Amino acid sequence: MRTWLGMRNEAMNAVYYREWRMNRALYLATAALMVLPSCLSVFANATAPHRYAREFLTSWVLGYAHGAGLAMTFGVLLSGVLGLFVFWYDKSRGGIEAALQGPLSRRALMTGKLTLGLATLVAAQVFVWLLLMATAVGVGHAGAIGALAQITVLALASSACLFALTLALSGAMGSLFFIALTAFLWLILPRTVATLITNLSYLSTRMTIAEATAMNTTARDLHWLSPLVTVFPTHNLALLYAAYFTLWTVAAIWAAWVWWERVPYERFHAPLYFSSLWNGWYALLALVTGFFLANLPRSLGAGRWTFWGLYGHALILALPAWFVWRWFWIRLGQSGLGLGPATDS
């Protein structure tokens with residue numbers, strides 16, 4: 001009897017075994033690198049002179065509990081790299097196409113990568129939390145264990161989110177460049193929106209100190225919608241944002257299954273598997289071109305736009321730029337270099 005993955009129940013163990021054999025070095029390296037900063041911090045602080053060791057360890061634990069987490073940001077980015085390479089490495093060696101010629105379904109293959117990847121992230125984050133908890137108890141700050149658990153939940157949710165997202169993008173794009181670019185755009189989108197809102201607010205009216213403070217708080221809250229930060233929310237806010245990233249994770253897992261199942265076999269080696277994705281690429285290039293051309297007169301000292309004028313002229317210039325970029329990439333695809341869309345797009 002087949003399961004919803006298109007595989008017999010007992011056959012899924014073979015899927016996990018194949019995935020482990022194919023990418024075990026990536027999973028082990030990711031787990032080791034995620035726990036390495038914390039291990040080094042404990043080792044370096046513990047080997048300091050005795051009269052300073054306790055103070056240094058306390059500072060490390062409390063800093064982590066208050067969201068000062070460069071190590072967390074590093075771990076989140078590392079999880080995105082893992083989601084990118086567990087698919088690309090398998091594909092570059094021809095393993096995916098060979099496996100799909102047998103009884104292995106696409107959804108089962110994707111599930112194997114999702115399962116082992118998420119298990120790796122959970123194991124690494126649990127290890128870090130246990131290390132933090134033991135250190136907190138050792139330096140007499142057992143009361144920080146709850147805050148450490150909340151920030152660890154946020155770190156895990158953020159890592160799982162970016163891992164699932166890059167894996168989902170790998171099921172829709174065949175180019176490392178496009179996958180990395182799309183993930184990067186997702187990471188910086190909250191910052192971009194926060195900057196746009198802040199600029200509009202400050203330029204539209206003279207703000208009081210209270211209003212400016214509220215605006216800065218809003219910008220900070222928007223920044224936290226991306227895990228690409230150096231200071232994370234703590235306590236109940238950490239759990240709130242963890243729930244947000246968990247919803248993204250669920251959506252990304254669903255997208256990974258759906259997108260990967262719909263890829264036409266003849267486009268397995270295309271940069272973008274779906275023709276509609278090229279329109280988004282043309283739009284991005286057109287917007288960048290529009291903003292560059294709109295800023296060009298000011299750069300040359302020939303005048304300057306107002307804030308609204310800059311955005312308005314940029315959008316107007318982006319319209320013809322979309323068609324120009326579309327023509328360029330279609331011609332590039334027809335050149336035989338394999339860099340553009342298929343000729344039927």
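**Figure 1. Lining of the second largest pocket, sorted by residue class.** In this predicted model, the lining of the second largest pocket divides into eight nonpolar residues, two polar residues and no charged ones (Ala, Val, Leu, Ile, Met, Phe, Trp, Tyr, Cys and Pro count as nonpolar, Asp, Glu, Lys and Arg as charged, and the others, Gly among them, as polar). The residues shown along this pocket are M173, F178, L181, T182, L185, L272, L277, G280, W281 and L284, and helices α7 and α10 each supply at least two of the lining residues (a helix is a DSSP run of H or I with at least four residues, numbered from the N terminus). The second largest pocket has a volume of about 200 Å³, where a pocket is an open set of points on a 1 Å grid, over the protein atoms alone, with protein on both sides within 12 Å along at least five of seven lines, and lining residues have an atom within 4 Å of a point. Residues are numbered from 1 along each chain as its sequence is written, and side-chain values use heavy atoms, with hydrogens and water left out. Local features need pLDDT of at least 70 and side-chain atom pairs count only at pLDDT 80 or more, whereas totals for chains, interfaces and linings use all residues.

**Figure 2. The largest pocket and the helices around it.** About 710 Å³ of space lies in the largest pocket, and of the 22 residues that line it, L185, I188, L189, T192 and L284 lie nearest its centre. Four helices, namely α7 (176-204), α9 (235-262), α10 (275-299) and α11 (307-334), each supply at least two residues of this lining, and the largest share, ten residues, comes from α7. By class, the lining of the largest pocket has 19 nonpolar residues, three polar residues and no charged ones.

**Figure 3. The packing of helix α1 against helix α3.** Helix α1 (residues 12-46) and helix α3 (residues 70-92) pack at an angle of about 165 degrees, and their axes, which are lines fitted to C-alpha atoms over the stretch in contact, are 10 Å apart. That angle makes α1 roughly antiparallel to α3, a term that applies to angles over 145 degrees. On the α1 side the contact (heavy atoms within 4.5 Å) is made by residues including R18, M22, L26, Y27 and M34, and on the α3 side by residues including F74, L78, L82, F85 and Y89. The residues of this contact divide into 13 nonpolar, three polar and three charged.

**Figure 4. The packing of helix α5 against helix α9.** Helix α5 (residues 106-138) and α9 pack at an angle of about 150 degrees with their axes 9 Å apart, and the two helices are therefore roughly antiparallel to each other. In this view R106, R107, L109, M110, T111, L114 and L118 in α5 meet I253, A256, W257, W260, E261 and R262 in α9. The contact of α5 with α9 has eight nonpolar, one polar and four charged residues.

**Figure 5. The largest cavity.** The largest cavity has a volume of about 80 Å³, where a cavity is a set of grid points where a 1.4 Å probe fits but cannot get out, and a volume is the space filled by probe spheres set on the points. It is lined by M34, S38, Y64, A71, M72, G75, Q125, V128 and A155, and α1, α3 and α5 are the elements that give two or more residues to this lining. Helix α3 gives the most, with three residues.

Methods. Axes are lines fitted to C-alpha atoms, for helices over the stretch in contact, and angles run from 0 to 180 degrees between N-to-C directions. Angles under 35 degrees count as roughly parallel, over 145 as roughly antiparallel, 65 to 115 as roughly perpendicular and the rest as oblique.
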